[in-house]
Amino acid sequence: MNENKFEQILETLRTDITTMKPDIAWIKGKLEGRAETRHVIFTTISVVVAILK
C-alpha cells in the first residue's frame, strides 16, 4: 500500500513539473528580453556620452 501511495505522489510531481515547464520558459524569456533591453539602453547612453565629450 505504501508503494502505491508513493507512485501516486511521484506521478503527481511529474504532472506538476510538466505543466510548469512552459511557464518557466515564458518567465525566462521575459527576463532575458529585459536584460537585452537594458544592455541596448546602457550601450546607447554610453555612445551618446562618448560623443558629447
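User: Is Ile45 buried, partly exposed or exposed, and what is its relative accessibility?
Analyst: In this predicted model, Ile45 counts as partly exposed, because its relative accessibility is 47%, and buried would mean under 20% while exposed would mean over 50%.

User: Where is Ile45 found?
Analyst: Ile45 is found in helix α1, which takes in residues 2-52.

User: And which residues form the nonpolar patch with Ile45?
Analyst: The nonpolar patch on the surface is formed by Ile41, Phe42, Ile45 and Val49, and together these residues have about 380 Å² of accessible area.

User: Stepping back, what does the secondary structure of the protein come to?
Analyst: The secondary structure comes to one helix and zero strands. The radius of gyration is 23 Å, whereas the globule rule gives 10 Å for 53 residues, so the protein is more spread out than a compact globule.

User: What box do the C-alpha atoms fill?
Analyst: Taken along the principal axes, the C-alpha atoms of the protein fill a box of roughly 75 × 15 × 5 Å. As one distance within the chain, the C-alpha atoms of Gln8 and Pro22 are separated by 23 Å, these two residues being 14 residues apart along the chain.

User: Is Gln8 buried or partly exposed?
Analyst: Gln8 is partly exposed, with a relative accessible area of 44%, and Gln8 is found in helix α1.

User: What share of the residues is buried, then?
Analyst: Buried residues make up 0% of the 53 residues in the protein. The accessible surface comes to about 5,300 Å², and 65% of that surface belongs to carbon and sulfur atoms.

User: Switching to charges, how many positive and negative side chains are there?
Analyst: The protein has 8 positive and 7 negative side chains, with the centres of the two sets lying 13 Å apart.

User: How many salt bridges does the count come to?
Analyst: The count comes to one salt bridge. That salt bridge is formed by Arg14 with Glu11, whose closest N and O atoms are 3.4 Å apart, and this distance falls within the cut-off of 4 Å.

User: How are Arg14 and Glu11 placed along the helix?
Analyst: Arg14 and Glu11 are three residues apart in helix α1, so they are separated by about one helical turn.

User: Are those two buried or partly exposed?
Analyst: Arg14 is partly exposed, with a relative accessible area of 44%, and Glu11 also counts as partly exposed, at 42% relative accessibility.

Key:
Residues numbered from 1 in each chain as written. Predicted model: local features only at pLDDT ≥ 70, side-chain atom pairs only at ≥ 80, totals over all residues. Heavy atoms only, no water. Helix = DSSP H or I, 4+ residues; strand = E, 2+ residues; numbered from the N terminus. Rg over C-alpha atoms; globule rule 2.2 N^0.38 Å. Buried < 20%, exposed > 50% of the residue type's maximum accessible area, 1.4 Å probe, protein only. Areas by Shrake-Rupley, 256 points an atom, 1.4 Å probe, with all protein chains shown as cover. Lys, Arg positive; Asp, Glu negative; His and termini not counted. Charge placed at Lys NZ, Arg CZ, Asp CG, Glu CD. Patch = residues over 30% accessible without salt bridge, like charges linked within 9 Å, V, L, I, M, F, W, Y side chains within 5 Å. Salt bridge = Lys/Arg side-chain N within 4 Å of Asp/Glu carboxyl O.
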